[in-house]
Amino acid sequence: MTATVSFTIESPLGPRTATVAYERKGSGEPVLLLHGIGHHLQAWHPVTDILAAEYDVIAVDLPGFGASEPLPAGVTYDLDTVAGALGALCTALDVERPHVAGNSLGGLLALEMARKGLVRSVTALSPAGFWTEAERRYAFGTLLAMRAGATALPRPALERLARSAVGRAALTGSIYARPTRRSPQAVVAETLALRDATGFEQTLAAGGSVRFVHDVPGLPVTVAWGTRDRLLLRRQGIRAKHTLPGARLVRLPGCGHVPMSDDPALVARVVLDTARSARLPAV
C-alpha cells in the first residue's frame with residue numbers, strides 16, 4: 001500500500017515542507033528505489049518482491065511525480081535540492097544511509113546522494129548526466145514528444161490502445177525493449193503518470209546543464225546499461241566508468257532504458273550484488 005510522509009527540506013527560501021508518496025516492504029538493511037523522469041514508483045514493482053526477501057525496500061515517488069506533491073512554490077528541482085530532499089525523506093522514515101538503486105534521473109540522484117555521503121551503495125541503471133550535448137538534446141526531445149503524446153491522448157483512446165501489443169509498443173517502446181511484457185493496466189497508469197507529472201517541466205529545465213563529473217570513492221557503485229537503451233545510448237556507460245573508475249560497469253543484455261520490466265531477475269541480481277558487496281571487508 002502507498003503511504004505518504006511530510007518532512008522539512010532546506011531550500012534557498014528557507015525551510016519548507018515536502019510530502020512524498022512511498023511503498024515499503026520487507027526487512028533488513030534499507031534499499032531506496034528511485035524512478036526516472038515522468039515515471040512513478042510502480043516502475044520498480046517487477047523487482048520489489050525479490051529485493052524485499054532480503055532487504056527493507058522503500059520505493060519512492062519523486063517530488064512532483066506519481067502520487068507525491070510538487071516541491072513547495074519557489075523551490076527548484078535542481079540536483080542538489082532534490083538529493084537533499086531525499087536525504088531528509090530518509091531521516092523522516094528513520095532510515096540511515098540506505099543502499100540506493102535508481103533508474104535514469106533516479107540513477108543520477110542516487111549518485112548525487114552518494115556524493116553527499118547519504119548512502120552505503122549505489123546501483124545506477126542508465127543514469128542521466130553522462131551525455132554529450134547532442135545526446136542530451138535527443139533524449140529531452142524524445143521525452144517531450146512522449147509527454148505531448150500522453151497529454152493529447154484521451155483516456156478512452158489510451159485504454160483501447162493499451163489493450164493490444166502493438167499499442168503498448170507504440171506507447172512505451174521508447175523506454176522498454178520488451179513493451180509487450182507490460183500489462184495494459186500498467187501502461188495506462190504510467191502514461192497517465194507522465195501526463196500528470198507536475199514536476200516534469202521544471203525537472204527537465206534544471207537538467208539542461210547537468211553533467212555528473214564527480215567520483216564517489218569508498219563505497220560500492222554499479223553502473224548498469226541496457227544494450228537496447230534507445231533513450232540514453234549505452235556508450236554513455238563508458239563515460240560513467242571514466243568518471244567513476246572504481247565502479248562496476250555491467251551490461252544488461254536485451255534491456256531498454258527502464259530495464260526493471262525487461263528482465264526483473266537480472267536487475268534484481270545487479271542490485272543485490274551491489275548491496276551485498278557493501279558488507280564485504282575492504283581488500
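Trainee: Which side chain of opposite charge is nearest to Glu 23, and how far away is it?
Mentor: In this predicted model, Glu 23 belongs to strand 2, residues 16–25. Glu 23 is buried yet forms no salt bridge. A salt bridge would require a side-chain nitrogen of Lys or Arg within 4 Å of a carboxyl oxygen. The nearest side chain of opposite charge lies 6.1 Å away and is that of Lys 25.

Trainee: Which side chains are joined to that of Glu 23 by a polar contact?
Mentor: Residues that Glu 23 touches include Met 1, Leu 41, Val 57 and Ile 58, leaving aside residues up to four places away in sequence. Another, of 2.8 Å, links the side chain of Glu 23 to that of His 45.

Trainee: What arc do the buried residues of helix 8 cover around the axis?
Mentor: Helix 8 spans residues 200–207, and Phe 200, Thr 203, Leu 204 and Gly 207 are buried there. They lie on the same side of helix 8 because the arc they cover around the axis is only 100°.

Trainee: Which helices do the buried residues of helix 8 pack against?
Mentor: The buried residues in question are Phe 200, Thr 203, Leu 204 and Gly 207. Their packing partners are helix 3 (105–115), helix 4 (133–152) and helix 7 (184–196).

Trainee: How many disulfides does a search of the whole structure find?
Mentor: Cys 90 is buried, at a relative accessible area of 6%. Cys 255 is also buried, at 0%. The number of disulfides found in the whole structure is zero.

Definitions and conventions. Residues numbered from 1 in each chain as written. Predicted model: local features only at pLDDT ≥ 70, side-chain atom pairs only at ≥ 80, totals over all residues. Heavy atoms only, no water. Disulfide = S-S within 2.5 Å. Buried < 20%, exposed > 50% of the residue type's maximum accessible area, 1.4 Å probe, protein only. Helix = DSSP H or I, 4+ residues; strand = E, 2+ residues; numbered from the N terminus. Lys, Arg positive; Asp, Glu negative; His and termini not counted. Polar contact = N/O pair within 3.5 Å; in protein donor to acceptor, adjacent residues only side chain to side chain. Contact = heavy atoms within 4.5 Å. Arc of directions from axis to C-beta.
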